[in-house]
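Colleague: I would like to learn how to read a few local features in a model. Can we go through them one at a time?

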Amino acid sequence: MSAGNMNLNGRPRVGVYICHCGINIAGKIEIAELVKFAEKLPDVTVVRDYKFMCSDPGQNIIQADIRNGLVNRVVVASCSPLMHESTFRRVSSDAGVNQFLTQMANIREHVSWVTADSQDATAKAKALIGAAVHRVVLHKPLEKKTVPVHPDVLVVGGGIAGIHAALTLAESGKKVYLVEREPSIGGHMAQFDKTFPTLDCAACILTPKMTQVRLHPNIELLSYSEVDSVDGYIGNFDVKVRRKARFVNEDKCTGCGECTVNCPVHNRIAPPEHPEVEPHLDHEVKSWLTNLLEQYKGRAREALLPLMIEVNRQYRYLPRDIIHYMAWRLDIPLSDVALQVATFYNVFSLKPRGLHTIRICMGTACFVKGSGRLLERLERELGIKTGETTSNLNFTLEAVRCIGCCALAPAIRIDGDTYAHVRQDRIPRLLRKYTVEGGVKV
Amino acid sequence: MKITTMQGLEDARAQGERSLYPARTKITVGMATCGIASGAGAVYAALIEEVKNKRLDATVTRAGCIGYCQQEPLVDVLQPGLPRITFGQMTPKKARELVVRLSEKKGLPFEDAIYRTDEDKILITGQEVRLAAERAANGYRKVTLIREHPYFKKQKRIILRNCGLIDPESIEEYIACGGYRALWKALKEMTPIRINEEIKKAGLRGRGGAGFLTGKKWELCRLEPGEPKYVICNADEGDPGAFMDRSVLESDPFSVLEGMVIGAFSIGSHQGYIYVRAEYPLAIERLRAAIDQAEEYGTLGKNILGSSFTFNVRVVEGAGAFVCGEETGLIASIEGSLGEPRQRPPYPAQKGLWGCPTNINNVKTWASVAPIIFRGGSWFVATGTEGNPGTTVFSLVGKVRNNGLAEVPLGIRLREMIFDIGGGIQDDRAFKAVQTGGPSGGCLPASLIDLPVDYERLADAGSMMGSGGMIVMDEDTCMVDIARYFLEFTSDESCGKCTPCREGTKRMLQILTRITRGKGRPGDAEYLQNLAEVIKETSLCGLGGTAPNPVLSTLRYFHDEYEAHIVDKRCPGRVCKELISYSIDPEKCPGCLACLKQCPTEAIIGEAKVAHRIIGNKCIKCGACLDVCNYNAVIVE
Ligand SMILES: Cc1cc2nc3c(=O)[nH]c(=O)nc-3n(C[C@H](O)[C@H](O)[C@H](O)COP(=O)(O)O)c2cc1C
Ligand code: SF4
Ligand code: SF4
Ligand code: FES
């Protein structure tokens with residue numbers, strides 16, 4: 001019967017060993033009081049204190065108690081586990097107690113060094129020792145095992161840190177997967193001009209590394225991808241990476257970006273052509289649409305435009321779910337409704353518009369009278385370009401070709417109100433009229 | 001309430017007359033979109049309130065737009081037995097004062113009056129309604145008579161006959177002005193063929209742009225076998241700078257409806273559509289109200305005026321696409337598809353809406369029908385010139401003094417339009433060019449100022465009648481920039497179906513942009529000319545076919561401006577940002593701080609009462625200082 005087994009079978013007998021660490025601990029904490037306190041704790045059989053617990057004589061004290069059967073679990077109240085946890089675990093296992101039945105209470109870094117008042121320090125040390133005793137009773141003996149490890153490495157994030165880690169690991173012969181959410185690696189550093197504190201050129205550091213990543217045979221770059229889930233454990237992780245759609249032959253792509261500008265599904269209405277089941281739509285909205293449709297019995301195609309105009313008027317844009325429903329209801333292919341008709345006519349928008357739509361006339365009469373400069377002023381005041389919406393969703397700025405007030409040029413229409421003979425200096429006032437203090441609730 | 005007999009029509013007329021010429025004071029506010037934008041709503045509210053406060057025995061009513069937009073808001077005061085006096089540029093304050101003076105019998109504020117009317121001439125019947133019982137009192141006589149007022153003197157109003165006079169939402173007032181007499185005559189006394197003959201005899205040409213003979217068009221559709229047939233009113237008015245169709249729909253919607261019923265009866269159609277562009281919400285509203293009333297009075301719908309003829313009209317809202325004004329594009333749009341034009345023939349008269357024979361005409365064309373039918377084709381031909389009979393409406397806008405709508409006989413000279421009616425150029429600048437025909441038209445130079453305006457002359461000069469936009473430009477306009485502007489428009493509005501138009505307009509725009517940025521290359525002008533001619537010849541529809549016109553006409557008449565941009569890198573119109581700079585004339589600047597406060601980049605330095613200065617490299621050329629300076633001290637060169 002081994003010592004370990006024997007110890008297991010018996011009731012827990014906890015030995016508490018308090019270290020003075022010279023005057024490091026004893027100079028602040030009342031050791032005698034700690035001893036008295038520890039002796040009263042449940043399951044504690046032995047309490048000893050010593051000048052340097054980590055020294056050979058100190059270690060021998062613990063081993064003697066174990067060998068004498070006085071102790072089968074060890075609490076050492078001393079320095080940080082970073083310092084000596086391995087020392088005391090070895091002490092225990094050499095004497096025949098499973099190394100995991102050892103617990104440390106850090107009364108130096110956490111208490112004596114950092115607490116001003118000696119009484120406070122003593123009280124805190126008691127609490128830590130008490131906790132360690134309670135805990136060690138619950139420890140289970142563990143065995144060390146060797147398992148196979150997958151040596152490949154996954155680096156998440158292609159900023160400068162990720163890039164550097166990937167390169168170092170790859171150099172040391174590891175296969176590295178570098179995952180980056182954006183279409184390109186580089187991260188924040190790519191946006192900086194200089195680095196602190198040496199004021200080196202950021203791009204000069206970053207760019208060669210980015211190129212190395214691409215060329216390194218050990219690195220597989222997964223850009224425009226995101227980690228969906230991580231399963232498994234150290235050495236045997238199972239990671240799911242979702243690569244975002246690109247439908248581009250990466251070998252041939254030069255990254256010119258032309259396709260992103262022209263992509264018809266940019267507005268995220270991807271058409272499943274003819275849905276079998278009725279697309280979901282809020283009940284109230286559905287009955288509203290049904291009522292509108294009543295007027296167009298048997299003339300589905302003719303109903304399309306008026307209906308879209310009505311929806312656009314109601315919501316200030318064409319919400320996706322309504323478009324889906326309308327296409328299904330009128331039995332018109334979604335691509336017709338959404339992608340063709342909605343993008344052909346200027347009044348429709350597939351993106352939400354702001355609370356107020358500013359329509360500035362760019363008709364000939366207004367143009368001749370300087371509406372171009374007015375438009376630039378509006379863009380500057382609102383901080384957006386024509387066709388965009390302010391970030392607080394208050395204004396959308398659109399240019400229209402004539403609102404029929406040519407004799408009053410230049411003219412602007414905000415929602416339903418038309419303003420005549422508008423001069424630049426009137427614009428701030430006009431905007432204020434439509435701005436709610438404290439922003440808009442949406 | 002349906003009118004089925006002459007007596008019924010007579011009753012409605014009498015009722016309309018009572019509200020047009022009531023036995024007490026009547027104050028009328030012009031409330032079309034332009035009036036409202038100028039503040040007519042507030043004026044109307046102030047009048048109502050003050051009349052109530054002062055317990056004045058008066059009615060306050062609304063009318064449409066008489067077309068003198070420069071003077072909006074306009075208010076008419078009509079007291080029994082006295083001439084009608086029209087006041088311009090009304091404010092709520094002035095309106096209140098007006099009521100106070102009326103209630104205190106102090107006489108009108110004649111100094112604010114712009115013209116007076118002694119009698120209304122009803123165009124359809126030719127009758128006169130005398131307003132002033134005898135010779136008007138002294139104060140009244142000092143106010144210019146409307147028929148002698150420079151803005152109205154040369155006008156002849158057929159299409160705009162009721163605009164600004166009647167309440168657009170009152171069918172009775174329309175009837176009091178001779179409305180539905182023509183329809184009565186057509187349904188009861190004429191055959192469809194006779195009606196068609198009358199229109200042919202009048203030589204009426206489509207007012208939508210191309211000027212095709214309306215009688216001929218009706219005949220094609222009338223003779224085409226196939227049922228049902230449709231008639232359409234094109235109120236898409238895509239021409240930027242033209243707004244007469246809007247004004248007619250907002251001021252006199254019944255005139256269009258009556259014309260459509262007559263046309264439908266002649267052609268044999270029972271369903272009509274009116275396609276109105278999205279930017280005209282008020283026109284749509286008034287049109288819908290008019291349709292409801294017409295149905296109620298039996299001038300639309302089943303058994304019109306007690307006859308066996310049935311005709312319904314639906315309003316279709318456009319959704320903002322210029323090319324939908326083209327007839328085949330418009331038809332496609334009503335059908336619920338993309339408003340892309342298609343190859344003609346077959347013409348709409350053969351295969352139009354839903355593949356059926358369809359007749360499509362412009363708002364002004366329809367509004368001209370009733371007077372022709374009642375008074376006869378030969379009456380119509382007496383106005384205008386040979387081959388170009390009748391009148392048309394121009395929207396006279398841009399840098400002229402009097403902006404507004406003017407209806408004139410065809411054949412009038414540009415000089416009369418711009419200098420007599422328009423009153424010359426604003427701020428005494430020099431006249432440089434006039435643009436007609438919208439994006440399909442061209443720019444005519446000052447040297448053509450005596451050109452008579454008709455379909456052929458304009459086309460020969462490289463422009464077009466179009467739907468009647470007439471945009472006047474002064475010396476501060478850059479003709480290359482204008483050409484660029486129109487190309488931006490057409491390349492944007494090109495539906496993309498045919499290549500010459502889709503790609504060609506883009507390339508022209510590119511070159512023009514380059515030139516206006518001072519990056520023009522030698523040979524660009526010739527290249528443009530070449531490209532323009534190819535596009536003109538090979539495009540599918542009128543949009544592409546006419547899109548090069550602004551370029552061709554400016555190349556033709558303003559070649560030196562192209563040269564100045566390309567060779568000297570100079571913009572004679574002082575418009576092109578890259579080629580100009582702003583400064584302040586220290587002689588003229590009294591140091592009022594106005595511009596300094598407006599400058600977004602703090603490019604202007606100076607203090608009160610000391611002439612200001614612009615720091616060149618800070619200036620972003622936004623023009624804010626130019627806009628606010630009251631002393632003409634900001635120099636652009
Ligand atoms: C690009 C383009 C735009 C047009 N836009 C209009 C318009 O806005 N209004 C209009 O009445 N006609 C417009 N037209 C002319 C129509 O095609 C058609 O000729 C006209 O409506 C016929 O009516 P009318 O005979 O009474 O002129 C346009 C034509 C083209 C080629
Ligand atoms: S043009 Fe604009 S930026 Fe230049 S000085 Fe005038 S206000 Fe300032
Ligand atoms: S607004 Fe004109 S006059 Fe006044 S300070 Fe500016 S430049 Fe001088
Ligand atoms: S050109 Fe601006 S309203 Fe017509």
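This is a predicted model: local features need pLDDT of at least 70, side-chain atom pairs count only at pLDDT 80 or more; totals for chains, interfaces and linings use all residues.

Colleague: Understood. Rings, then. How many aromatic pairs does the structure hold over all chains?

Modeller: The general idea is brief. A pair of aromatic rings is described by the distance of the centres and the angle of the planes. Over all chains, the structure holds 20 aromatic pairs. Take Y68(B) and Y151(B): their ring centres are 4.2 Å apart and their planes lie at 15°, so this pair is stacked.

Colleague: Where in the chain do Y68(B) and Y151(B) lie?

Modeller: In distant parts of it. Y68(B) is in the loop between β2 (58–63) and β3 (75–78) of chain B. Y151(B) is in helix α6 (residues 150–153) of chain B.

Colleague: Are Y68(B) and Y151(B) buried or exposed?

Modeller: Y68(B) is buried, and Y151(B) is buried as well.

Colleague: Why is the pair of Y68(B) and F152(B) called edge-to-face?

Modeller: Look at the angle. The planes stand at 85°, with the ring centres 5.8 Å apart, so Y68(B) and F152(B) are edge-to-face. The cut-off for that class is over 60 degrees. F152(B) is in helix α6 of chain B and Y68(B) in the loop between β2 and β3, so this pair ties together parts 84 residues apart in sequence. Y68(B) and F152(B) are both buried.

Colleague: Which residues do the ring pairs link into a cluster?

Modeller: Y68(B), Y115(B), Y151(B) and F152(B).

Colleague: On to cysteines. How many disulfides does the structure hold over all chains?

Modeller: The general idea again. A disulfide is a covalent bond between the sulfur atoms of two cysteines. This structure holds one over all chains. C201(A) and C204(A) form it, with their sulfur atoms 2.2 Å apart.

Colleague: Why is the disulfide of C201(A) and C204(A) right-handed?

Modeller: Read the torsion about the S-S bond. It is about 85°, so the disulfide of C201(A) and C204(A) is right-handed.

Colleague: And what is the relative accessible area of C201(A)?

Modeller: It is 31%, so C201(A) is partly exposed. C204(A) comes out at 52% relative accessibility, and therefore counts as exposed.

Colleague: Now the ligands. What surrounds ligand 3?

Modeller: Read a shell by its residues, then by their classes. Among the residues around ligand 3 are C589(B), C592(B), C595(B), H612(B) and C629(B). By class, that shell has ten nonpolar, two polar and no charged residues.

Colleague: How many residues surround ligand 2?

Modeller: 13 residues. The closest are C599(B), C619(B), C622(B), G623(B) and C625(B). The shell around ligand 2 has ten nonpolar, two polar and one charged residues. C599(B) has 16% relative accessibility, so C599(B) counts as buried.

Colleague: And which residues are closest to ligand 1?

Modeller: G208(B), K217(B), N234(B), N362(B) and T365(B), out of 19 residues that surround ligand 1. Next, look at atom pairs. A polar side-chain atom of K217(B) is 2.8 Å from an oxygen atom of ligand 1. For N234(B), a side-chain N or O atom lies 2.8 Å from an oxygen atom of this ligand. G238(B) uses its backbone: an N or O atom there is 2.9 Å from an oxygen atom of ligand 1.

Technical notes
Residues are numbered from 1 along each chain as its sequence is written. Chains are lettered from A and ligands numbered from 1 in the order in which they are written. Side-chain values use heavy atoms; hydrogens and water are left out. A residue is near a molecule or strand if one of its heavy atoms lies within 4 Å of it. Ala, Val, Leu, Ile, Met, Phe, Trp, Tyr, Cys and Pro count as nonpolar, Asp, Glu, Lys and Arg as charged, and the others, Gly among them, as polar. Rings of Phe, Tyr and Trp (its six-membered ring) pair if their centres lie within 6.5 Å; planes under 30 degrees apart count as stacked, over 60 as edge-to-face and the rest as tilted. Helices (H or I, at least four residues) and strands (E, at least two) are DSSP runs, numbered from the N terminus. Buried means under 20% relative accessible area, exposed over 50%, partly exposed in between (1.4 Å probe, protein chains only). A disulfide is a pair of cysteine sulfur atoms within 2.5 Å. A polar contact is a pair of N or O atoms within 3.5 Å; within protein, one must be able to donate a hydrogen and the other to accept it, and residues adjacent in sequence count only if both atoms are side-chain atoms.
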